[in-house]
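Hello,

Here is the structure I said I would pass on. Please open it first, then read the notes below it.

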Amino acid sequence: ESHTSNEALAKAWAEAHDAHVRACEKDLTLLANRLGGIFHGRPPVVRSGDPAAQILATAGTLAADLIVIGSHGKSAWRRLLLGSTSDKVLS
């Protein structure tokens, strides 16, 4: 019985994840349209996983020539201990 409930849980999680990704894509498209179509005809891309790895993989797939990443303004000490997505993408 636990095998069946694990399968049901995995299916429910996958469906919720997919719905969340679609909602994010829709919201990003609406935002881009309000900002004057900043995606230049390309739909927004939403990925899950390690942020730096996903940014680099997607940039490679799209042959991106510019990547813009926001910063939370971590202190140098905190960045050293925890790392930074920006630092990982730049390395």
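The model is a predicted one.

With a relative accessibility of 9%, Pro44 counts as buried, the cut-off for buried being under 20%. In sequence, Pro44 and Thr29 are 15 residues apart, while their C-alpha atoms are 6.3 Å apart in space.

Next comes the helix α2. Its twelve residues, at 1.5 Å a residue, should span 16 Å, and the end C-alpha atoms are 16 Å apart, so the two agree. Which residues of α2 are buried? They are Ala52, Thr58 and Ala59. These residues cover an arc of only 140° around the axis, and therefore lie on the same side of α2. The buried residues of α2 pack against α4 (85-90). On the face turned away from the buried side, α2 carries Gly60 and Thr61, which are exposed.

Last, look at what follows α2: Ala63, with a positive phi. The value is about 50°, although Ala63 is not a glycine. Ala63 belongs to the loop between α2 and α3 (76-82), and it counts as exposed because its relative accessibility is 65%.

Regards

How values were computed. Residues numbered from 1 in each chain as written. Predicted model: local features only at pLDDT ≥ 70, side-chain atom pairs only at ≥ 80, totals over all residues. Heavy atoms only, no water. Buried < 20%, exposed > 50% of the residue type's maximum accessible area, 1.4 Å probe, protein only. Helix = DSSP H or I, 4+ residues; strand = E, 2+ residues; numbered from the N terminus. Expected span 1.5 Å × (residues − 1). Arc of directions from axis to C-beta. Contact = heavy atoms within 4.5 Å.
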